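Dear colleague,

I am passing on the structure we spoke about, together with a short account of what turned up in it. Please read the notes below alongside the coordinates.

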Amino acid sequence: MVRIAPSLLAADFGNLAAAVEEVGSEADWLHLDVMDGHFVPNLTIGPPVVASLRRHSSLFFDCHLMMTNPGPYLAAFRDAGADGCTVHVEVGDTAALIAQMRSLGLRVGLAANPDTPFDSLVPFLGDVDLLLCMTVFPGFGGQSFMVEVMDKVRAARNELDRRSLDVEIEVDGGIDEETVPVAAGAGADVFVAGTAVFGADAPREAVKRLRAAAVAVRRG
Ligand code: DX5
Ligand code: ZN
């Protein structure tokens, strides 16, 4: 199943509710980028903003935690209205974080930076719902899609299929109408797009075009 997840990182932070309403009827998920100023050199939002957005949307909230130490905050994100949380494998303590997310009733995601090998994810494939293959180095929107990450997406898709595991593959960074087909062809299911959605004149139409581009490949 193809899902389009607009990233609010590229929206107007002074008017997030309007951004959510703009894409609400077309998007599958909302992607919320949480940055701690430590794991990545940028700061964004935390649970209070997630809680405020929750009042404006019934969409699935896909919280991407770019945090060195997400554990102490997982319950707060869940209470704020997160549906799924994704932690980075690079921060370690992965098995415990997965168990904690599971016990909180969160959908469980595990992310890998572009230079983190697929082997790092393999021990956890049976325990997660989502693998996030970063197609840029995290921290900022508007960067260029790294096509070399498609080797990891293909490896993940092959291994998940071989083991009949029901795990979605998400790509995040530089996703637009030109790169969606590349990622979809490699086996991605969930497409995060910030600039391509909120940088467009008509964000809702942009979501539609991204979906059409993905569906064309997945059916082909
Ligand atoms: C990057 C974030 C992405 C970002 C993508 O650190 O994880 O979600 O918003 O932005 P674009 O689509 O502009 O590359
Ligand atoms: Zn993200």
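This is a predicted model: local features need pLDDT of at least 70, side-chain atom pairs count only at pLDDT 80 or more; totals for chains, interfaces and linings use all residues.

Two or more lining residues come from each of strand S2 (29–35), strand S3 (60–66), strand S8 (190–193) and helix H7 (195–198). By residue type, the lining divides into 12 nonpolar, 10 polar and three charged residues.

Strands S2 and S3 also supply the one aromatic pair that the structure holds. Trp-29 in strand S2 and Phe-60 in strand S3 lie 31 residues apart, so the pair links distant parts of the chain, and their rings are stacked, with 4.4 Å from centre to centre and 25 degrees between the planes. Trp-29 has a relative accessibility of 3%, and it counts as buried because that value falls under 20%.

Elsewhere, Thr-116 lies in the loop between strand S5 (107–112) and strand S6 (130–134). Although it belongs to a loop, Thr-116 is buried, because its relative accessible area of 10% is under the 20% cut-off. The side chain of Thr-116 is joined to that of Glu-90 by a polar contact of 2.6 Å.

With best wishes

Methods:
Residues are numbered from 1 along each chain as its sequence is written. Chains are lettered from A and ligands numbered from 1 in the order in which they are written. Side-chain values use heavy atoms; hydrogens and water are left out. Helices (H or I, at least four residues) and strands (E, at least two) are DSSP runs, numbered from the N terminus. Ala, Val, Leu, Ile, Met, Phe, Trp, Tyr, Cys and Pro count as nonpolar, Asp, Glu, Lys and Arg as charged, and the others, Gly among them, as polar. Rings of Phe, Tyr and Trp (its six-membered ring) pair if their centres lie within 6.5 Å; planes under 30 degrees apart count as stacked, over 60 as edge-to-face and the rest as tilted. Buried means under 20% relative accessible area, exposed over 50%, partly exposed in between (1.4 Å probe, protein chains only). A polar contact is a pair of N or O atoms within 3.5 Å; within protein, one must be able to donate a hydrogen and the other to accept it, and residues adjacent in sequence count only if both atoms are side-chain atoms.
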